[in-house]
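Please open the model in your viewer and follow this short tour, which moves from one selection to the next.

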Amino acid sequence: MARKRKSHSWTIAKILIGIVLAVVAYLGLTYGSLLKEMETASQDYSRGDMEAALKRYETVEEKLRSFNALRVIPAGDRHNLFLNQARMLYNMKQLNDAGERLEKENEISGVTTDSRFFLLRGNINFKKAVTTYQQSTKKDANLLEENLLGAEDSIRESLQMEPGDWDAKYNYEFINNVRKMLTSKDSEKVKLLMEEEAKPQTKELPPELAG
């Protein structure tokens with residue numbers, strides 16, 4: 001009788017092990033297909049089709065959320081997923097949506113330590129500050145300076161995490177100089193600032209180089 005019970009227990013154990021291995025294999029294949037979809041999105045981006053690339057990234061995110069897997073996948077993959085969406089929205093001038101994509105990482109991990117998030121957030125805040133100033137009937141230089149301080153703070157945090165980032169260095173100096181123009185009350189310089197070329201000159205990295 002004891003042998004039969006032992007044999008029965010081992011049979012159940014083998015079935016459970018088989019189920020676990022099957023689940024692990026399924027999850028592995030599923031995650032592999034999602035990574036492949038992200039690679040395809042990067043190819044869309046390289047061809048200049050940002051809308052198609054963005055849609056693919058959003059589909060990947062939706063699938064990961066349906067599995068409640070965003071918290072357990074490698075942090076680097078999750079960072080690239082959110083960053084690449086935000087970068088595309090930034091290039092498409094959908095600044096509020098771009099900022100919301102960056103905040104998704106904070107919702108999951110608390111506060112990210114990835115310098116790229118702070119650099120892009122600073123660039124977004126800079127563009128929003130200048131756009132608000134340009135569209136305002138009352139050109140409030142004090143409000144513009146206050147908004148620029150927020151952008152500068154974000155990029156400063158990026159530099160503290162990654163001191164050798166030349167994009168962050170350039171953009172930090174650029175915004176700092178802009179604020180000096182404002183405090184000097186030099187109206188001509190402020191006018192030049194509002195022209196199209198007066199903006200952070202960041203490299204627009206393709207998604208496949210975001211890691």
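How are helix 4 and helix 5 oriented to each other, roughly parallel or roughly antiparallel? They are roughly antiparallel (over 145 degrees, where under 35 would be roughly parallel). This is a predicted model, in which local features need pLDDT of at least 70 and side-chain atom pairs count only at pLDDT 80 or more, while totals for chains, interfaces and linings use all residues. Residues are numbered from 1 along each chain as its sequence is written, and side-chain values use heavy atoms, with hydrogens and water left out.

Begin by selecting residues 95-109, which form helix 4, together with residues 115-135, which form helix 5: the two pack at an angle of about 155°, and their axes are 10 Å apart. The crossing of this pair is left-handed.

Next, display the side of helix 4 that includes Leu 95, Ala 98, Gly 99 and Leu 102, which belong to the residues meeting helix 5, where the partners include Phe 117, Leu 120 and Ile 124; contact here means heavy atoms within 4.5 Å. The residues of this contact divide into 6 nonpolar, 3 polar and 5 charged, and among the residues listed are also Glu 103 and Glu 105 of helix 4 and Arg 121, Lys 127 and Lys 128 of helix 5.

Now turn to the loops. Most residues other than glycine have a negative phi. Select Asn 68, in the loop between helix 2 (50-66) and helix 3 (75-91), where phi is near 55°, a positive value; with 66% relative accessibility, Asn 68 counts as exposed (over 50%).

Finally, select Lys 93 in the loop between helix 3 and helix 4: its phi is positive, about 65°, although Lys 93 is not a glycine, and at 62% relative accessibility Lys 93 counts as exposed.

Key. Axes fitted to C-alpha atoms, helices over the stretch in contact; angles between N-to-C directions. Helix = DSSP H or I, 4+ residues; strand = E, 2+ residues; numbered from the N terminus. Parallel < 35°, antiparallel > 145°, perpendicular 65-115°, else oblique. Left-handed = near helix turned anticlockwise from the far one by under 90°. Nonpolar A, V, L, I, M, F, W, Y, C, P; charged D, E, K, R; others polar. Buried < 20%, exposed > 50% of the residue type's maximum accessible area, 1.4 Å probe, protein only.
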